[in-house]
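Hi,

Here is the structure I promised to pass on.

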Amino acid sequence: MAQIETTGLSHSYQPQPGYPQDFVLKKLDLNLLDGHAYALLGPSGCGKSTLLRIISGLLQPTQGRIHFDGKDVTHLDARQRHVAEVFQFPVVYETMSVFDNLAFPLRNRGLDREAIAERVADVARLLDLTEQLTLKSAALSAGARQLVSLGRGLVRTDVNAILFDEPLTVIDPQEKWHLRTRLKQLHRQFALTMVYVTHDQTEALTFADTVMVMHNGRILQSGSPSELFERPEHTFVGRFIGSPGMNFLRCQFDGNAAIIGDQSIPLQKSYSADIDDHSCELGFRPESCTFSRDGSGIAAQLINVDCTSRRKIAYLDAAGSSICVSLPADQDIPADSHRIRIDPQRALLYSADRLVEESR
Amino acid sequence: MSVAKRNYPKAWLLVLPVVLMVAFNAVIPLMTVVNYSVQDTFGNNQFFWVGLEWFEEVLRSGRFGDALGRQLLFTTLVLLIEIPLGLMIALGLPKSGWRASSYMMLLALPLLIPWNVVGTIWQIFGRVDIGLAGSAINAVGIDYNYTQDALDAWITVIAMDVWHWTSLVALLCYSGLKSVPEVYYQAAAIDGASRWAIFRYVQLPRLRQVLIIAFLLRFMDSFMIYTEPFVVTGGGPGNATTFLSIDLVKLALGQFDLGQAAAMSLIYFLIVLLVCWLFYTIMSVGDSQPDTRQ
């Protein structure tokens, strides 16, 4: 296992990239610590799979360098990088048995027969594949195939990291849960460096120690799941994480309160002086606002209500934006006029899409 | 089940046109051949029954055995050269881009040329006096003349067939290779697979179906070859390149030995059928297993 570091990593699929929009990765500086589990979270096309391919050596970056444990591996190909990867669609060698599949990477590296048999038996036990070892891999279910392709990474003793490229996409829900738990177990047991690419926030937040949210070839924020939820550093992160995502309302800022329409929300924090007033937004989670009963708060118009077993989610129009309010299922929504009260303790101020840091 | 058990006698009338068509263009001509194969005539359109005598004569005569032997040798050599060569060409072709399409065009060219034109091209190409290849080979000091030397005739005929048909194998294999998802190559690279291991475990399994088709097509075509060697060598020198079809035509139209020719046709037909069935059964044996994938 190794620490993976990238410096100024950029990639373009065009032969002669000129403009910034030609790049799918834009000057990424990453430092992935040995033995940690990372999730790369972002919408389709944000560059997360490209980054994974560059780490595994399947793709040469246009610019920048990549180091494993301080050693420059930028120009080493996938065969020399010692990285394992589990792909979106399970890759098994269909004409081989499960045993031969697991033994394949070791045979390619010229290990002797007994060592291979021993390793394969260990990994099969680990993944509960012992009984399937003699089966043809074409006969396996999608989940079992994905386990086999994970197993091909685990049998190797030389792997620096295991990369996952949306590995649960084609797995059905029950097996999905099972596989995810298995991955977490493996991570805890062996302290493997894992990088997990997904566009599913539940997968990312439950799997990883550190989640990196990617958008447009940049990493907007990286942090623990709770950091991302509580303090999104960018409005995109706020909207992307949480279900439903964070609400944002345009506001004016007068030094210690956010003014939305005729309402002033005292933020009870102090900020450094120069905030661009034209692009100010107040961000708050659907969970940190409620309907007010006393006539105060921001006037809003109720559009729709969704009920789940535990929460009630109201969709409203307020101050020209659509927002959500999430309530416990047993709480009622006022019948006539709707006004929203925001918890000032948990509201965050954004300027030009960036979080405004409080000064102490 | 109740639907299947109901009887609709009139429904059979719908099949009648097809039955008539097939009878007209396949069954009746074949029966004519069968008819000739069990009768003999002294002319005057009077026939009499001879049973299996023609079959016995064909099988007992060395002539059929010799032609069959030449045919088998020819087909074997052609398959041994064209299948691996076509496969190698397909593996070497670029995967996309303008170069891929131009190679594709070049490969398709020989396939578009009519058989007798191919024969004529090679007949002239190999000639010692005016042929480019023939005179060039002689100019470097090798004594080559396909009209006089049996080995030279064989080399010419086989080179011609390879030139004409390797493209078919290459194009079929190329299309099979295109069906291998890129991610398999990526996984193989990560697993540290050698070039050979990639071919053996990633590409070959997915080429299986197209290889069966290429093999069968090339077997049938080469086993029934007539026009090209007929134009180039006319079956000679002597009988050196007299393959089954050429021999059959000599027998039927040259000697007008209709009974023997009919018997030979039927034996020939049965051999093709039998070999195709055997190949197909052997080569698709792995596919008959029930697919338990979800």
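Before the details, some housekeeping. This is a predicted model, in which local features need pLDDT of at least 70 and side-chain atom pairs count only at pLDDT 80 or more, while totals for chains, interfaces and linings use all residues. Residues are numbered from 1 along each chain as its sequence is written, chains are lettered from A and ligands numbered from 1 in the order in which they are written, and side-chain values use heavy atoms, with hydrogens and water left out.

Let me start with strand β9 of chain A, residues 210–215. (Helices, H or I with at least four residues, and strands, E with at least two, are DSSP runs numbered from the N terminus.) Five of the six residues of β9(A) are buried, so the strand is largely enclosed by the rest of the structure. Buried here means under 20% relative accessible area, exposed is over 50% and partly exposed is in between, using a 1.4 Å probe and protein chains only. β9(A) runs parallel to β3(A), residues 37–41, with four bridges joining them; two strands count as paired if DSSP finds at least two bridges between them. Tyr38(A) has Thr210(A) as its bridge partner there. With β10(A), residues 218–223, the pairing of β9(A) is antiparallel and covers five bridges, one of which puts Met214(A) with Ile219(A). Two residues sit between the strands of this hairpin, and Asn216(A) takes a positive phi near 55°.

Next, an open sheet in chain A. Its four strands come in the order β2-β1-β4-β5, with antiparallel pairing. β2 (23–32) and β5 (71–72) are at the edges with a single partner strand each, so one side of each has no neighbour in the sheet. Helix α1(A), residues 48–56, packs on this sheet and touches β1, β2 and β4 of chain A, its direction making about 60° with that of β2(A). Contact means heavy atoms within 4.5 Å, and the axes are lines fitted to C-alpha atoms, for helices over the stretch in contact, with angles running from 0 to 180 degrees between N-to-C directions. Inside the sheet, β1(A) (residues 4–12) and β4(A) (residues 63–68) are joined by five bridges, and Glu5(A) stands opposite His67(A).

Another open sheet in chain A has three strands, in the order β12-β13-β14, again antiparallel. Four bridges link β13(A), residues 257–260, to β14(A), and Ile260(A) is partnered with Gln263(A).

Now have a look at Ser137(A), in the loop between α4 (113–126) and α5 (142–154) of chain A. Is Ser137(A) buried or exposed? Ser137(A) is buried, at a relative accessible area of 0%. A polar atom of its side chain lies 2.8 Å from the backbone oxygen of Tyr93(A), and a polar contact of 3.1 Å joins its side chain to that of Asn101(A). (A polar contact is a pair of N or O atoms within 3.5 Å; within protein, one must be able to donate a hydrogen and the other to accept it, and residues adjacent in sequence count only if both atoms are side-chain atoms.) Leaving aside neighbours within four places in sequence, the residues in contact with Ser137(A) include Val92(A), Met96(A) and Arg145(A).

β6(A) and β7(A) run parallel, joined by four bridges, and Ala84(A) stands opposite Ile162(A). Val83(A) and Glu85(A) point one way from β6(A), Ala84(A) and Val86(A) the other way, and all are buried.

Finally, the nonpolar cores: sets of buried Ala, Val, Leu, Ile, Met, Phe, Trp, Tyr and Cys residues joined through side-chain atoms within 4.5 Å. The largest has 62 residues, of which Phe64(B), Val202(B), Phe223(B) and Leu244(B) touch the most other members. α10(B) gives the most to this core, 13 residues. Not counting residues up to four places away in sequence, Phe64(B) touches Leu244(B), Met264(B) and Ile271(B), among others. Apart from that core lies another, of 45 residues, including Val92(A), Leu133(A), Val159(A) and Leu186(A).

Cheers
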